[in-house]
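Please open the model in your viewer and keep the selection tool at hand.

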Amino acid sequence: MALVLLSLGVTMIAFVLTHLVPEDPAEANLGQRAGSDPVAVQIFRERYGLDKPLPVQYVVYVSNLLHGDMGESEQSRRPVRADLGEYIPATAELAVTSIVLSAVLGVGLGVLAALRRNKLTDQILRVVSLAGMSMPSFWLALVSLYVFFYQLNLIPGSGRLDPGVARPPSVTGMYTLDALLSGRMDTLTNALSHLILPACVLAASNMGLFTRFTRSAVLEVLENDYVRTARAKGLPERAVILGHILRAASPPVITVIGLAFGNVMTGTVLVENIFSWPGIGQYSFRSATTLDLPSIVGVMLFVALVYILANLVVDILYGMIDPRVRLT
Amino acid sequence: MHRPQRKLHIQALLGAAALAASTACAPAAPPASAPTSAPTTSAASTTAPAAAAKPTTAAPAAAAPATAAPAAAAPSTAGRTLVVANSYTFTTKDTDPARGGVDFQADPFFHAVYDTLLTFGVGDNSAPKPLVAESYTSSPDARTFTFKLRKDVKFSDGTPLKAGDVAFSYNRLLNLHDTPIYLLEGVTGVSAPDDYTFVIETKDPNPAIPFIVTNPALGVTNSTVLKAHGGSDQPGAEKTDTAESYLQTASAGSGPYVMSGISTSQVEMKANPNYWGPNKPTFQNVVLRDVAAATQLIEVQRSTDEVVLSLSGDQAQSLKGNDKLNVNAFTSPNLTFLYVNVNPEVLPFGANAHFQQAVRYGIDYDALVKVAGAGAAQAPGVVPPQFLGALPLTSAVKRDLAKAKSELSASGLGSPAIQLDYQTTSTGQTEALAAKIQANLAEVGINVTLNGQPSAIATPNYRGGKLQMGLFGWAPDYPDPNNYLAFMPGQLVGKRAGWLVEAAPTLVELGNKAGATADNDTRAKMYRDIQTQLNQDSPIFPLINPGGAVVTTKNLTNVAYSPVWYIDFAAIGTN
């Protein structure tokens, strides 16, 4: 029910806000000459239902949405669902890789920083994490492309695959998975080599964030009685850290990872642009600049869904980590 | 694209890891039918039927596509892919010439896949040359154009291209009434009296028709294929035609390439195995990719077989010393112009001739050229220097500050205030030009307020004639001065400046005559006269022709910029 209400709210906001912009989507999409041709403009409006009053457009859209029809994109002239089906997996592949990288490294370094509190390691990690959070992602993207592609020649250039490499048969839309599923190891290798750099660039800022959050959370539980008890019982330090400290420190870290995942899934337009990564960020940017209403609403629904799911997963993980949450 | 050795090491490591990871979950071996390399591989191994390669009738020398590079001179490019990077996302909208053919960015694709009746030679846009049509005639009144088609032209599926296909393509564009409809403005009918004769009739004399038919949006589509997939050229096609979705997955033209794939970031082409022309394209595969300009700047320096199209003149200049690249920086035929609105409801003093002169002579054109960067040049008139009827640079308006101040004084306006609107850009170049204009006119005594807006806001106000003063651009639709009649009173741009027919009837009459005159020498003189008058007394001020650049890796040859289709993939060879 909450999902339905949220969808209605999102679609309504998108409809109203888009129509507040003093521009006609027909003119934005038809170009300078045809946009001044009344017949061409009228045909465009009829095709996309823009000739109807806004409330009617909204009702028609919602009615179609209930049947799984998200309308036709004005920029690609094919179903929005088909567009999203291609753009979302590209971003998902990048986002999941970067979040896994940043979570593993960030949490690990955060624990290390807390355990070495105020020592040289902690100071170095503070500088590293702050640097990661402070660097603009587009700048880091360009510099890393220059260094690792142009200067060191260690990784391939932009894009999801080399231009001459065929795309794997689409199952998930994620090239690495699809190449794996189809057994095309050369394509998998190529896709992975293209994925490394943009994923690392995206991971940099989140890694810094996770390091800071983990350090702070671990410090809060480090001096608790049960940690001292665990150590007094003679438990190995590794077991103390993983079973007692990290588990207790996890909830805030998981929350921030969940939010970061939502951000990465929906807000990577600059990195996608530099690396020619055809993801949802680029799609949403173009939808906005061309006032492509069906695509804008489709993207907004996707964004809402991502955050709902991210929060849901976080809640489930809370319950798994801390049984008291389940009881309440 | 060349794969450097060190990169292969990384890929080998990744490959080993991937192989290990895949043993548990992947099929034991790829299916025999699964492609293991680029889709271009199959194209590379396909040879064109000999019959299709040889014209069945002797064509005049000029009829051969003038853009094709001699295949014999090029080393083997089998399996190699020509990569063309452009900062434009090629979408499925851009695959149907009758619908998406307004985007200059999509035109290289259309040009490669769909032949047009006439074409231009590499670097020569002075006169159309035969392509699908081996000759054409114009009636004395320039209202009827008869094209005689070659008899050896075949579509990519091997079927012959006939006049009925041309008529279908033109009628479909007319009846879809979509983006490129303006190209056939004034066309009252097209017909195919026999299999190899095609006729265009226009309401008014239009000697530019031979230039217009070179536009890639007027590429000829295979009517049989399109009809089989729901294509229609009948009235009401805007609602009944369903061939668009087919053309999003396959092409149906007779050009040197066919579309072999499209994704969200690139469109792929492979050589047309049934290409009818005497010269086959050198590269078997072409990929047109969406790449940001900043990334293009880095990547082209590490590649082979690559062309980049989106570098600014300054960025291109920065590569001049790189001995691995060919840098072709040029003055583009695009026009950046300024106008003041003469509609008294928008700007009460816009029609004041002295005020217009104050603006005209107050602008520092040389400074604007410097701001615009490498390759830019002052626009001597609205018609770009590359086209028929252009004014020589010596006729361009020069800044005369004293005269500008004197004119402002004569206007009786004191220190007028005016708002300058323009479209903001990612490069900031328009903003810099606007700021320079503001500073120039401040010296004269005109207070300009800058109002940069995103395209979605600025464009409708510009089109609606609501702006007091505007700074905008114009890209040619076809390389003929008739395209610039839009700047005349009562025409497209003129109306946006509130400049109506009644304001300058003599000029309008001269424009109508120029637009209807067939003799090139006569019309060239007329257009020069028109522009001279525009430069003396009009609310429109041509400023600059911005710079452009095409940068290629050193091994590529015959890469020439075209104002109609940008570059011709099929013409590109290797050394």
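Two strands are taken to pair if DSSP finds at least two bridges between them. Helices (H or I, at least four residues) and strands (E, at least two) are DSSP runs, numbered from the N terminus. The model is predicted: local features need pLDDT of at least 70, side-chain atom pairs count only at pLDDT 80 or more, and totals for chains, interfaces and linings use all residues. Residues are numbered from 1 along each chain as its sequence is written, while chains are lettered from A and ligands numbered from 1 in the order in which they are written.

**Stop 1: a hairpin in chain B**

Select strand 8 (residues 257-262) and strand 9 (residues 266-271) of chain B; they form a hairpin with three residues between them. Five bridges join strand 8 of chain B to strand 9 of chain B, and the two run antiparallel. B:Tyr257 has B:Ala271 as its bridge partner. Is strand 9 of chain B mostly covered or uncovered? Six of its six residues are buried, where buried means that 20 or more other C-beta atoms, placed from the backbone, lie within 10 Å of the residue's own.

**Stop 2: a four-stranded sheet**

Move to the open sheet of four strands in chain B, whose order is 4-5-7-6 with antiparallel pairing. Its edge strands are strand 4 (133-138) and strand 6 of chain B, each of which pairs on one side only. From one strand to the next the twist averages 20 degrees. Five bridges hold strand 4 of chain B to strand 5 of chain B; to inspect one, select B:Ala133 and its partner B:Leu149. Helix 6 of chain B packs on this sheet and touches strand 5, strand 6 and strand 7 of chain B. The direction of helix 6 makes about 160 degrees with that of strand 6 of chain B; such angles run from 0 to 180 degrees between N-to-C directions, and axes are lines fitted to C-alpha atoms, for helices over the stretch in contact.

**Stop 3: helix 6 of chain B**

Select residues 163-176 of chain B. At 1.5 Å a residue, the 14 residues of helix 6 should span 20 Å, and the end C-alpha atoms are 20 Å apart, which agrees; the expected span is 1.5 Å times one less than the number of residues. Of these 14 residues, 12 are buried, including B:Phe168, B:Tyr170 and B:Arg172. Their cover includes helix 4 (97-100), helix 8 (223-228) and helix 9 (237-240) of chain B, with contact meaning C-beta atoms, placed from the backbone, within 7 Å. Just after the helix, B:His177 takes a positive phi of about 50 degrees.

**Stop 4: two helices packed together**

Select helix 14 (residues 365-372) and helix 16 (residues 429-444) of chain B, which pack at an angle of about 160 degrees with their axes 9 Å apart. These two helices are therefore roughly antiparallel, a label given to angles over 145 degrees. From helix 14 of chain B, B:Ala367, B:Leu368, B:Val371 and B:Ala372 meet B:Gln429, B:Ala432, B:Leu433 and B:Lys436 in helix 16 of chain B.

**Stop 5: chain A**

Finally, display chain A, which has 15 helices and zero strands. Along its principal axes the C-alpha trace of chain A spans about 85 × 55 × 40 Å. Buried residues account for 47% of the 328 residues in chain A.

Key
Contact = placed C-beta atoms within 7 Å. Parallel < 35°, antiparallel > 145°, perpendicular 65-115°, else oblique.
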